[in-house]
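Subject: The model we talked about

Hi,

Here is the structure I promised to pass on.

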Amino acid sequence: MARTDEQYEQFIESALDQLRRSIRPTPPFDIKQAALLVIDMQNFFVHPDGNAYLSGSRHIRKRIRRLIDLFHSHDRPVIFTRHEHEPDNSDTGLMDLWWKGNHIYKNTWAAEITDKLPRRKDDMIISKNRYSAFYNTDLKEILKEQSVDHVLITGVMTNLCCETTARDAFMHDIKVFFCIDGTTTISEEMHLATIGNLAFGFAWIVTAADIVDQFKM
């Protein structure tokens, strides 16, 4: 997904044009009931030296930053996830069949969340070792405590951790807003396949500007 900024904007607009023929109208986004999920924006994926560097991450980073600033300004939860495993691979499970030899291990540079995104001391970080941010974590309880009934999903990778988290949120009766230009993966085809599937039955597809523009002062 290596594109110039202008080419990336055109790609997103073209994707939205195709989606508008089939997706449901997007309801108003109530930030007072929302949390922002920033999925796995770690050096492993978003730094050029990372083992699984995603070139599209440079496009989504600036949009995620705007969303983080928006949620901070409204004192709404910003929740980062960090995918990481024990050094002895004792918690990799079936993940090891797909990614053996290319895991993200705890307390390493690769596991660190990028320093290119703003974080406040009260922003939460959830450690996970499966695709879903709900699996074996306390995310559901955190959202309930914060009176959250819809989430805005950003981060990487669109078709793995972001998609699985979105589907799980739906199964927990949490409304899902999925940011098409705030998520990325290894190919545009995979990105668009996820967007189409989620739009059909799990999530409302939005852009970062769709959300930010609703709350301009």
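**What I found in it**

Leu36 stands opposite Val78 in β2. Those two belong to a pairing in which strand β1 (residues 34–39) and β2 run parallel, joined by four bridges. Strands here are DSSP runs (E, at least two residues), helices are runs of H or I with at least four residues, and both are numbered from the N terminus. Two strands count as paired if DSSP finds at least two bridges between them.

A quick word on the source: this is a predicted model, where local features need pLDDT of at least 70 and side-chain atom pairs count only at pLDDT 80 or more, while totals for chains, interfaces and linings use all residues. Residues are numbered from 1 along each chain as its sequence is written, and side-chain values use heavy atoms, with hydrogens and water left out.

**The sheet**

The open sheet has six strands in the order β3-β2-β1-β4-β5-β6, with parallel pairing. β3 (124–128) and β6 (204–206) are at the edges with a single partner strand each, so one side of each has no neighbour in the sheet. On average, neighbouring strands are turned by 25° against each other, direction ignored. (Axes are lines fitted to C-alpha atoms, for helices over the stretch in contact; angles between N-to-C directions run from 0 to 180 degrees.)

Strand β2 (residues 78–83) is mostly covered, with five of its six residues buried. Buried means under 20% relative accessible area, exposed means over 50%, and partly exposed is in between (1.4 Å probe, protein chains only). β2 also pairs with β3 in the parallel sense over five bridges, and there Ile79 has Met124 as its bridge partner.

Contact here means heavy atoms within 4.5 Å.

Gly155 is in strand β4 (residues 150–156) and is buried, at 0% relative accessibility. Leaving out residues up to four places away in sequence, Thr194 touches Thr158, Asn159, Glu163 and Phe178.

**Salt bridges**

How many salt bridges are there? The count comes to 11, taking a salt bridge as a side-chain nitrogen of Lys or Arg within 4 Å of a carboxyl oxygen of Asp or Glu.

- Asp181 and Arg63 meet at 3.1 Å, N to O. Asp181 is in strand β5 and Arg63 in helix α3 (residues 57–73), 118 residues apart. Both are buried.
- Asp75 pairs with Arg120, with the closest N and O atoms 3.7 Å apart. This pair links the loop between α3 and β2 to the loop between α4 and β3. Asp75 is exposed at 58% relative accessibility, whereas Arg120 is partly exposed at 31%.

Cheers
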